Every structure is written in structure tokens, then in C-alpha cells.
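Here is a friendly briefing on a single protein chain. Please have a look at the sequence and the fold before reading on.

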Amino acid sequence: MYINKSLRNNLEEWRNRVANAHYNQLHRQLDYFLGKLENTSIINSILLELQILTDTFGINPREKCRDALRGGMLFHIFENKKFLSETERVIYHYNLLKILQEDDTPLYLNSSVIDGTMQPSERPRLFVSQYIDPLVYYIQDKLDESSTVLYLLEKYKQRCEWFFKEELRKLYEDNQGNSDKQGKQEKVLDKNLRKFLFDQGIDYPLSQPPSPSGEADIVSLLNTKDPLILEVKIFDRNNNNYGKNRIIDGFRQIVKYANDYNKSIGYLFLFNFDSAEIDIVTNYGNSNFPVRILFNGKTYFIITVNIYQFNTKSASKIKGKLQKFTIFEEELTVEAIS
């Protein structure tokens, strides 16, 4: 129902391939596991966020893990060290796995990593439980957060398109005469979305907290310490304020907000009052809901709710070709870095 509903299953399968490997194949399966993580855009964004947090914590896990491996003291890092948080612990696990992936020495020969007294057939499972599972659990938690957001935004999209088109169009039209109409129209729609999220049990500040780049439309705690970055924009070519540039500007804003808050995921929500359907062509294809763009190691989702109502009572009476308004990924990302 949303884009990463199967990623948890994939993650478990990749993990099990390492756990069930013959100990002579452990190194190859670790390489496969990390390759899968880093080639899956959403998961890779989570890993890249860990790298950002490494600098925030002011630690050097790669160097410390290498020193521990040389001295046979790896146990003391993962069992005796007092970590500031579970996130810091996971940073060490990921960096250790990267070191072992790059190491030419097979893992099962390194007694600092795996207890050499154990039977060879038991070593892969022990390795997974000690060093891979904490990273898997962390990623699963992050995926759950993202999935919840995507599910609620899809639910809101369907709710609007099925039941509330007239209500939203009235909100839009009633505020066209306002002197600050561009900002006012988006704010009333933003408020409608806020109310829905609140009714779904999402607890977040009603005021717009400032960031170095301005004020994001929604910055939500989402039952976690991590903020949700979401920007609301309108598309309507009959209104000069709401053409293609408004979408481009919205994407630029979520990129800046995601950078300001050190977040790996951002959301752009488009209210489409135009007769044309928005077609955003990405480099990864649009086979899944919603459209996603991977930019500078972060993932941005673009969700569109179509509000336009044709002057007919039945879709079967609509004549002529449906219109499509195409925007290419490069148009969004070029502006995002300018």
C-alpha cells in the first residue's frame, strides 16, 4: 500500500543469508548484505544519516574499531563501552561491518570478531546476532516511521479525492481575494492536512518551528525525537502564482529543511487544482507510490492529490484526451542546488 511495505521482508531475507551461510562464505555474504542495503535508496539514506550523526557525536568509530581488531579487544567496545544512545551503538556496528567488508582476511579466521572455540557451523549465526542484528533492528524502526507517514499521506490523498474535493476547492477559491493569497491559500490547505494528521494520533507542535532556511509547513515529532519534514504546495496553471515554479520551489525547500534538521527523508505534498495530471519523471521510474527522488544521498517523496473536478457527472462522459503536465527530475534538482 506504500512504497516500503516489503522492505522489512527483504531486510530479513538478506540478514538470513548471512546467518545461514557456510563459514567459508561468510565474507562474501556480508558483502552481499551491505551491497543490498546501500543499493536500496531508502535504506541507504538511513545509512547516510548515520554518517552525518557520526560527526555530530564527535566520534571516530572506524579508527577505534580498527585499533580494537588489531589488539584483539573488539569485545570491550561492544560489551564494555557506555554508548550515549542506541544510535551511537549502531554507528559502531555499521562501521565495523564496513571494515570487515573491506578486509581481505576471512572473518572466521579473526578470533577478535568470532569466538574461535565455537564450531565453524555456529559462527555465522553468532556473528549475525552480535554485529548485524542491531543494525537491522535500527533500520526496521526507521522504516516503520517512514511507512507510517506514507500510509497516512496516502490515506489523506484518497480521502480528499473520494470525499472532499468540493470542500477543498471552496477553501481554495474563498481565499483567492486575500491580499496575501499565495501564502494564505497554501496555509488553509496545510491546516486541513494538519488536522487530519492530528486526528490520526500524530502529536506535533501546531506552530511552525523555525529552521535556518525558514519555516517548514509541518515539522512533526511523529511520536519520536526525529522531526518530519513536509512542505505543502499548490499547482494550478490558471493562477500565475501556482505554476511549475511553485513545485520546483517546494522541492528546493524540503531539501533545505532536510539539511537543516539532518534528516534523510522529506515529503512534498501537492494540491493539484489543475485539469492536467502531474507527471514527475524520475531517474528511478514511477512504478511505486509515491514518486520518490534520491538527491545527494537523501530520499524525497512527492505526493499529489488531484482536486480538479470536470463539469460532468460521470467519468465516462469526459471527452478528449486527458492532459498530462510533465516535470523532469533534473528540473527539480538543478534548482535545489542553486
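This is a predicted model: local features need pLDDT of at least 70, side-chain atom pairs count only at pLDDT 80 or more; totals for chains, interfaces and linings use all residues.

Residues are numbered from 1 along each chain as its sequence is written, and side-chain values use heavy atoms, with hydrogens and water left out.

**Whole chain**
- The protein chain holds eleven helices and nine strands (DSSP runs, H or I of at least four residues and E of at least two, numbered from the N terminus).
- Of its 338 residues, 49% are buried (under 20% relative accessible area, 1.4 Å probe, protein chains only).
- Contacts (heavy atoms within 4.5 Å) between residues at least 6 apart in sequence join residues at least 24 apart in 71% of cases.

**Helices α2 and α6**
- The axes (lines fitted to C-alpha atoms over the stretch in contact, with angles from 0 to 180 degrees between N-to-C directions) of α2 (residues 26-38) and α6 (residues 86-102) come within 10 Å and cross at roughly 125°.
- H27, L30, D31, L34 and E38 of α2 meet Y94, L97, K98, L100 and Q101 of α6 in this contact.

**Residue T299**
- T299 sits in strand β8, which covers residues 298-306.
- T299 counts as buried because its relative accessibility is 1%.
- Leaving aside residues up to four places away in sequence, T299 touches S41, I42, S45, S264, I265, G266, R292, I293 and L294.

Terms used
Buried means under 20% relative accessible area, exposed over 50%, partly exposed in between (1.4 Å probe, protein chains only).
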